[in-house]
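Me: I have a structure open and some questions about it. Can we go through them one at a time?

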Amino acid sequence: MQPTAVFDLDGTLVDSVPDIHAALNRLMAAHGEPPFTLQEVVGFIGDGVPTLLARAFGARGREPDPAALPGFLLDYEATAAQHTRPFEGIPAVLEALKAAGWRMAVCTNKPVAAAHVVLEALDLSRFFAAVGGGDSFPVRKPDPAHLLATLQAAGGDPTCAVMIGDHHNDIAAARGAGVAPVFVAWGYGPLAAADGAPVAARPSELPALLAAAAGPTSIR
Ligand SMILES: O=C(O)COP(=O)(O)O
Ligand SMILES: [Mg+2]
């Protein structure tokens, strides 16, 4: 059976925090609030944009402003690939996995339109059979249904799949779906979020870790 590698996007394939940071600080400025540091924004990422905004407003002692969401999304979609880049080594790893016969998909809590903007701009879309965004389905990670729906859209099978991510939501979604998890150490989550999952210290370690995680039948 063809194995499927499902990748998280922010903090796993791409370093997107510079553009998220800039867009969030434009929103904060428009609301008369001081800017956040890059590191503060890293701590807000992982549960999708509505939660990002709730955390940002909450950090300033304010209720989230639901009216801010559409404007933030438009601004972010227009600027999402200004400074966002693949982590070093990621394009080569995706080429190697494709050549080794892996089916690949993206399961991200980022809104799907912004995810497509980033993947297109960085010439990564061509690797993926499906992209499941944070607003593609009624639920998002850590709900395993987000991962299962993405796998289904990609034509993959959960019994022969690996979920690769940098956040405890990725590991939880994988385990809930019965999919093997792999944690990446170069992203935004603390190492403790691996929670016992195999850890890739750098992208070049992914092909061997994925082959081992997907089980002996998939090793070629
Ligand atoms: O948008 C977020 O909060 C996180 O996105 P991710 O699921 O690609 O890490
Ligand atoms: Mg992530």
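Predicted model: local features only at pLDDT ≥ 70, side-chain atom pairs only at ≥ 80, totals over all residues.

Me: Is aspartate 166 buried or exposed?
Reply: The cut-off for buried is 20 or more other C-beta atoms within 10 Å. Aspartate 166 has 27, so the answer is buried.

Me: Which residues does the UniProt annotation "binding site" cover?
Reply: The annotation comes from an unreviewed UniProt entry. Its residues are spread over 159 residues of sequence, yet they cluster in space, with a largest C-alpha distance of 8.2 Å.

Me: Is aspartate 10 buried or exposed, and what does it touch beyond four places in sequence?
Reply: Aspartate 10 lies in the loop between β1 (4-7) and β2 (14-15). It has 25 other C-beta atoms within 10 Å, so it counts as buried. Beyond four places in sequence, aspartate 10 touches Ser16, Ile45, Thr108 and Lys110.

Me: Which helix gives the largest share of the side of domain 1 that touches domain 2?
Reply: The centres of the two domains are 24 Å apart, taken over C-alpha atoms. Their contact takes 14 residues from domain 1 and 12 residues from domain 2. The largest share on the domain 1 side is three residues, and it comes from helix α6 (residues 112-121).

Me: Which strands stand at the edges of the six-stranded sheet?
Reply: The sheet is open, its pairing is parallel, and its order is β5-β4-β1-β6-β7-β8. An edge strand here has a single partner, so one side is left without a neighbour in the sheet. The edge strands are β5 (130-132) and β8 (199-200).

Me: What is the bridge partner of cysteine 107 in β5?
Reply: Strand β4 (residues 103-107) runs parallel to β5, and three bridges join them. For cysteine 107, the partner in β5 is glycine 132.

Me: Which elements do the buried residues of α7 pack against?
Reply: Helix α7 (residues 144-154) has these buried residues: His146, Leu147, Leu148, Thr150, Leu151 and Ala154. Just after the helix, glycine 155 takes a positive phi of about 80 degrees. The buried residues of α7 pack against β1, β4, β5, β6 and α8.

Me: Is the peptide bond from lysine 141 to proline 142 cis or trans?
Reply: Proline 142 is in the loop between β5 and α7. Omega for the bond from lysine 141 is near 20 degrees, and the bond is cis.

Me: Is aspartate 123 buried or exposed?
Reply: Aspartate 123 is in the loop between α6 and β5. Its phi is positive, near 60 degrees, in a residue other than glycine. With 10 other C-beta atoms within 10 Å, aspartate 123 is exposed.

Me: What is the phi of aspartate 195?
Reply: Aspartate 195 is in the loop between β7 (180-184) and β8. It has 12 C-beta neighbours inside 10 Å, so it counts as exposed. Its phi is a positive value in a residue other than glycine, near 50 degrees.

How values were computed
Residues numbered from 1 in each chain as written. Chains lettered and ligands numbered in written order. UniProt positions renumbered as here; feature names shortened; annotations may be inferred. Helix = DSSP H or I, 4+ residues; strand = E, 2+ residues; numbered from the N terminus. Contact = placed C-beta atoms within 7 Å. Pairing = 2+ DSSP bridges. Domains from an automatic or database assignment.
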